[in-house]
Amino acid sequence: MKYTVLRNGVYYSQFTNPLTGKRIKKRLGKDRAEAKTILDALLSAYSLGSESPDGSANVLMAQKGCGWQIAYQSYYRTHISNYEGEWKNQLCLTLNKLNDSNNLNDVSEYEYKHIQNFIDDLKTKLKNATVNKYLTKISSFFDYCIKMKWIKENPCALVALLPESESDAYHFSDNDLKVLFDNANGFTDWWTFLLETGIRACDAKSFTKANFIVQDRMYVQFKQHKHGKKAKSIKLPLTKKAVKIVESAGDVIFPECYKWLNRPTKGHFNGFLEDSLKLMRGLLSDGNKFSMMKVEHHTFRHTFAINNLNAGMPKEVLQTLLGHASLKTTEKHYANWMSDVSLNKWVD
């Protein structure tokens, strides 16, 4: 077979993606007939013809455009595989959940209504900003299908992004904080540390005494988990309340959270964080129709930023404390969060 190579009795595909120039290598199996069938599907997916004259062996491909599984595998190799760890997993989950919710065999069968129904379901589970991000990635997948000539139009074209005002960062009010901290519990130090430092929970959960430096005052030094291998080390000063928590801790600052890290089982589940979030939402719900999706550990970071802005902190200083590489990121999230009281003191 023209586009295969035989190694140790196993057939492997060997051809180049015409769009990216990337070599496509896939295990086809030991049986020649089975390998030819799978290869026909791959070649058709990349618009490279077929091993059989009429393409009759192509049982994995739908007649209209391209089978979902082949399209997804092709997109994974050329796009998703370039992402790192966590975000790559999110892209895989999103596309697979999209197809699971519709159970369509061919990408050409997707219509506007299928995407809209999926996005409407996401709205009940995720923040609007996250839904917008997923919609953009889904649309990129179908743009790829258009380039591969599997479909003519993008079914995401009519699905509108959610209004920007609805995806603004939510922060705790003074009353919310009073409810959270009125009575001490097993998460009080954890919440206090997040509120006092503005550090992301994904970073703070792994802190040990090795992360802290005492010079003229105490500093915390770490690499932001969000940026993966490209992250640069940052050094931030701590408030007195945060210092007190660190000084009273052992070698691990939050041991109940830390013990869930580096487990042999797969997944990102952390029992401490789940219980913490559940208690936060329970305390603030008060039996009303309170939007629990707004309440998360990241809300402490938003509250830290907004409280400091309202206290008169220059945005350049806030950018450094939040670890933002660009001032535009800080402005995007917090430029419109100045309270009336804070604005009034600057205007006669």
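Author: This is a predicted model, where local features need pLDDT of at least 70, side-chain atom pairs count only at pLDDT 80 or more, and totals for chains, interfaces and linings use all residues. Residues are numbered from 1 along each chain as its sequence is written, and side-chain values use heavy atoms, with hydrogens and water left out.

Reader: How many bridges join β2 to strand β5?

Author: Strands are DSSP runs (E, at least two residues), numbered from the N terminus. Two of them pair if DSSP finds at least two bridges between them. Strand β5 covers residues 27–29 and runs antiparallel to β2; the bridges joining them number two.

Reader: Which residue in β5 is the bridge partner of Tyr11?

Author: Tyr11 has its bridge partner in β5. That partner is Gly29.

Reader: Which residue in the turn between β1 and β2 has a positive phi?

Author: β1 (residues 4–7) and β2 (residues 10–13) pair antiparallel over four bridges. Val5 stands opposite Tyr12. The two strands form a hairpin with two residues between them, and the positive phi, about 50°, belongs to Asn8.

Reader: Which residue in β7 is the bridge partner of Val214?

Author: β6 and β7 (residues 218–223) pair in the antiparallel sense over three bridges. In β7, Val214 has as its bridge partner Met218.
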